[in-house]
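Subject: Structure handover

Hello,

My notes follow below it.

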Amino acid sequence: MTRAFRGPEGQESTPYLLTPGPLTTTPAVKEAMLRDWGSWDADLRKVVAGIREQLLDIADAANGFECVLLQGSGSYGVEAALGNFAPKDKKTLMLTNGAYGERAIKALAYMNRDFISYETDELEAPSADEVSALLKANPDIGAVFMVQCETTSGIVNPIEDIAAVAQKAGCVVILDAMSSFGAMDISMKRMGIDVVISSANKCIEGVPGFTYVIARRDLLEASQGMSHSLALDLYEQWSYMQKSGQFRFTPPTHTLVAFAVALEQHAAEGGAPGRLARYKKTAKTLRDGMRKIGLSPLLGDNETGPIIQTFATPRDKNFDFTTFYEGLKKRGFIIYPGKLTKKPSFRVGNMGALNWEVMEMLVDATQATLKEMNVTDLTPAE
Ligand SMILES: Cc1ncc(COP(=O)(O)O)c(C=O)c1O
């Protein structure tokens, strides 16, 4: 049965954002932005200090690590981290199995830093054994960069195994945990991860506006003068923040206060394990429901994470992504086009203020939209 359009709480007439971000946020997160804040004011500095402390806690990085907040989206954080921590006199091993690994490589190339890339198929995780072999064969590698959940497909890479071999080889381990931090297990101490990057509008469920980098303090201290960029220099941002409690340049005030509320809600849900449990249930409802109506997830249940699900585009000649998208939108759901280079696909994100019931409604809406489009052959397009 097709249910009527029903948007999220507090914004019932707008669709759910089932995307990799920005996401649907709670009314409390949105309400936090209704007040204006002075950037120099002690109240805002308190908010900034609280955020930094709580992020360290979530990363299991309370001692010996620092959290630097930086204006901009996640890509700014990735580029900043590479600028400060990818060595100039050695190579960085760049692991890639999707668009975000590729973007990081591009950022490194812009800086003229040396790297070797290890590429696997978009639907295949990298192997720790292969990383180990590459590190043995190339003793001039000084850092390893990898993505935890490659949001291109939703695949989860084996970060713990790779970090272990990288650490054994004495490399700095840099992790893009953009779409996984705050839900999936990340313990910087236990896993031997030196640098983690994420942003405000992913699993913590804030709104866009800043990125954050958590890094070993000794590495941060040693990174003075490393950055290729004034605005992205994490050492400068950190030392200014340490001295003044403030951002160097205009801070994203409303995003910060919204994020502080999002962090409270994150803690109330049971922190990362609580959030992961919700996302897993949401993802399972989605995958099971889509399978039931005949659509095929592109990754197996063991390879996909709970963050985003990729489905094969149906082969039927009547299927057109834009019509499908509009059909879902008018029923209350915004999905995302696929980003895979080889297989036609579409994506549905699980992050944000939503749960499994929303996915049940989405499955109904998908069925109704396909019927309206007269799409009957749901076998995957080539
Ligand atoms: C894994 C990963 N890395 C990097 C990025 C880039 O972040 P942004 O689009 O916020 O610049 C994203 C965005 O979704 C991502 O999922």
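Ala, Val, Leu, Ile, Met, Phe, Trp, Tyr, Cys and Pro count as nonpolar here; Asp, Glu, Lys and Arg count as charged; the others, Gly among them, count as polar.

Two housekeeping points. Residues are numbered from 1 along each chain as its sequence is written. The model is predicted, so local features need pLDDT of at least 70 and side-chain atom pairs count only at pLDDT 80 or more, while totals for chains, interfaces and linings use all residues.

Confidence
pLDDT is the predictor's confidence in each residue, from 0 to 100. The chain averages 96, and 99% of the residues score at least 70. Strand β13 (residues 336-337) has the lowest confidence, at a mean of 94. Strand β9 (residues 195-199) has the highest, at 99. Helices (H or I, at least four residues) and strands (E, at least two) are DSSP runs, numbered from the N terminus.

Helix packing
Two packed helices are described by the angle between their axes and the distance between the axes. Axes are lines fitted to C-alpha atoms, for helices over the stretch in contact, and angles run from 0 to 180 degrees between N-to-C directions. Angles under 35 degrees count as roughly parallel, over 145 as roughly antiparallel, 65 to 115 as roughly perpendicular and the rest as oblique. A crossing is right-handed if the near helix is turned clockwise from the far one by less than a right angle, and left-handed if anticlockwise. Residues are in contact if their C-beta atoms, placed from the backbone, lie within 7 Å.

- α3 and α4: the angle is about 50°, with the axes 10 Å apart. That makes α3 oblique to α4. The crossing is right-handed. S75, V78, E79 and L82 of α3 meet R103, A104, A107 and L108 of α4. This contact has five nonpolar, one polar and two charged residues.
- α5 (residues 128-137) and α6 (residues 159-168): they pack at about 20°, axes 9 Å apart. So α5 is roughly parallel to α6. Their crossing is right-handed. A128, V131, S132 and L135 of α5 make the contact with D161, I162, V165 and A166 of α6. By class, that is six nonpolar, one polar and one charged.
- α12 (residues 321-330) and α13 (residues 356-372): the axes come within 9 Å and cross at roughly 130°. So α12 is oblique to α13. This crossing is right-handed. F324, G327 and L328 of α12 meet A365, T366, T369 and E372 of α13. The contact counts three nonpolar, three polar and one charged residues.

Backbone
Most residues other than glycine have a negative phi, and most peptide bonds are trans. Two places to look at:

- The G21 to P22 peptide bond is cis, with omega near 0°. P22 sits in the loop between β1 (16-17) and α1 (27-31).
- N112 has a positive phi, near 60°, and is not a glycine. N112 lies in the loop between α4 (99-110) and β4 (115-119).

Best wishes

Conventions: Two residues are in contact if their C-beta atoms, placed from the backbone, lie within 7 Å.
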